[in-house]
Amino acid sequence: MTDSKVTADLSALDDLALVRSFVDGERTAFDTIVARHQRAVYQVCYRFVHNHEDAADLTQDVFVRAFKGLKAFRGDAKLSTWLHRVAVNVCLNRTALVRPGIEPLDPARHVDDRSEDAFGMVARGERAADVRRAIAQLPPKQRATVMLRVYQELSHEAIAEILGGTVGAAKANFFHALGNLKRMLES
Amino acid sequence: MTTHLTDDERLDALEGTVDAARSAHLHDCAACRREVADLRQVWDGLMVDARTEVPEPPPMFWDQLQVRVGSAVDTRTAAWWMGARGWMSLAAAAAMLLLVVSWGARQRTPVADVVVSQADAAIETEAIGDTAQQFVSDVLASLEDEAVHEVLRPATGAFDDALATLSASEREAFARLLQAELTEGSE
Ligand SMILES: [Zn+2]
């Protein structure tokens, strides 16, 4: 069978079948998994670091971690959910050590810019940049909580599970983070 | 007038999950409404940034990422395999040392050991610092793998003791065996 035929056959498989194929020794099945999920993983990573270079490095790390961990993947959750979890863990580990290098925000990139004048876009861009700078100043656990709650839209239960501790502690962390952000953004 | 909302309840109010009784308090209490409004202002600022689309990387990026991930996992797999081979070679060398030592011990008579004077023992100890031990020390020092170091470090004393029981020719024979095994293992 030719390589292109193998690739075409693998592309037809669903995620679970791809994982099984990979675990059974079909190395190219992993390439298909990467091709299928790399955009979603990159977007998760970008939310943590806000710049392309670091997001690309993190995405690579996520898939290297996945390569080693896929044998333990049982299919209880969707592969996309599992990869999201791996990505969050990799990003938390890496960004706990290094504060994000913040690229200037391009206001024209905003997803919802209906009926907004140029001044409004610039003002909003500046405001978002202020918010990022403030988040970067938060203590690591509060920063992680904000990243997971706001940027990854995870529930407090999921955050407690990832960061360890109770749901109450996760909520308290988030509450204190909001209070700190308020003070920083006002000053 | 019921008690003011706790931090936890203020967060619930912000996220729309506060229960009916506390919601009624919020409706009647200007102070609590102000607290929640402050939180909402911060939340809205975060949302401005969170809703910003992740910028699309250059078109070639996705193909490059797949290549990068592929190289990274293949390099790691190769590194692990080389490390494992090196470790297996050392294990084989250690096994050979035991064979040589046990063979050497059988060749000696207990009487010979007893009659060695204190002065002779000192000379014997100094003689251990010959090419064989130097070679073993060099090999250990050159190992970069921390794990292998940790495994071998406790054994170095045993190596010294074992080498002390060998004659010069036995030590040279061991050095040759170790050299041959390591050379083969690194190919
Ligand atoms: Zn109140």
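Student: How many salt bridges are counted between chain A and chain B?
Tutor: This is a predicted model: local features need pLDDT of at least 70, side-chain atom pairs count only at pLDDT 80 or more, and totals for chains, interfaces and linings use all residues; side-chain values use heavy atoms, with hydrogens and water left out. Residues are numbered from 1 along each chain as its sequence is written, while chains are lettered from A and ligands numbered from 1 in the order in which they are written. A salt bridge is a side-chain nitrogen of Lys or Arg within 4 Å of a carboxyl oxygen of Asp or Glu. Between chain A and chain B, the count is 8.

Student: Which element gives the most residues to the side of chain A that touches chain B?
Tutor: Helices (H or I, at least four residues) and strands (E, at least two) are DSSP runs, numbered from the N terminus. The rule finds 13 residue pairs in polar contact across the interface, both residues at pLDDT 80 or more; such a contact is a pair of N or O atoms within 3.5 Å, where within protein one must be able to donate a hydrogen and the other to accept it, and residues adjacent in sequence count only if both atoms are side-chain atoms. The elements of chain A that give two or more residues to this side are H3, H4 (52-69), H6 (118-136), H7 (140-151) and H9. The most, 11 residues, come from H3(A).

Student: What area is buried between chain A and chain B?
Tutor: 42 residues of chain A are in contact (heavy atoms within 4.5 Å) with 39 residues of chain B. Buried area is the accessible area (1.4 Å probe) that two parts lose on being put together, summed over both. Carbon and sulfur atoms give 65% of a total of about 3,900 Å².

Student: Which residue of chain B meets A:Lys171 in a salt bridge?
Tutor: The buried area is about 3,900 Å². In chain A, A:Lys171, A:Phe175 and A:Leu178 lose the most area to chain B, together 16% of what that side buries. At 3.2 Å, N to O, the side chain of A:Lys171 meets that of B:Asp8.

Student: Why does the salt bridge of B:Arg68 and A:Asp57 join two chains?
Tutor: Their side chains meet at 2.7 Å, N to O. B:Arg68 lies in helix H4 (residues 61-107) of chain B, so the pair joins two chains, with A:Asp57 in helix H4 of chain A.

Student: Is A:Tyr42 buried or exposed?
Tutor: Buried means under 20% relative accessible area, exposed over 50%, and partly exposed in between (1.4 Å probe, protein chains only). The relative accessibility of A:Tyr42 is 2%. A:Tyr42 is therefore buried.

Student: How are the rings of A:Tyr42 and A:Tyr46 arranged?
Tutor: Rings of Phe, Tyr and Trp (its six-membered ring) pair if their centres lie within 6.5 Å; planes under 30 degrees apart count as stacked, over 60 as edge-to-face and the rest as tilted. The structure holds 9 such aromatic pairs over all chains. In this one, the centres of A:Tyr42 and A:Tyr46 are 6.1 Å apart and the planes at 40°, so the pair is tilted.

Student: How are the rings of A:Phe174 and B:Trp43 arranged?
Tutor: A:Tyr46, at 3% relative accessibility, counts as buried. Turning to A:Phe174 and B:Trp43, the centres are 6.0 Å apart and the planes at 85°, so this pair is edge-to-face.

Student: Why do the buried residues of H2(B) line one face of the helix?
Tutor: Buried in helix H2 (residues 20-28) of chain B are B:Arg22, B:His25 and B:Leu26. The arc is taken from the directions from the helix axis to the C-beta atoms. Seen down the axis, these residues line one face because they fall within an arc of 100°.

Student: Which residue forms a salt bridge with B:Arg22?
Tutor: The cover over the buried residues of H2(B) includes helix H1 (7-15) and H3 of chain B. With the closest N and O atoms 3.2 Å apart, the partner of B:Arg22 is B:Glu9.

Student: How far apart in space are B:Leu26 and B:His4?
Tutor: B:Leu26 is buried, with a relative accessible area of 15%. B:Leu26 touches residues including B:Leu5 and B:Val36. B:His4 is 22 residues away in sequence, yet C-alpha to C-alpha the distance is 8.1 Å.

Key. Lists of a residue's contacts leave out its neighbours within four places in sequence.
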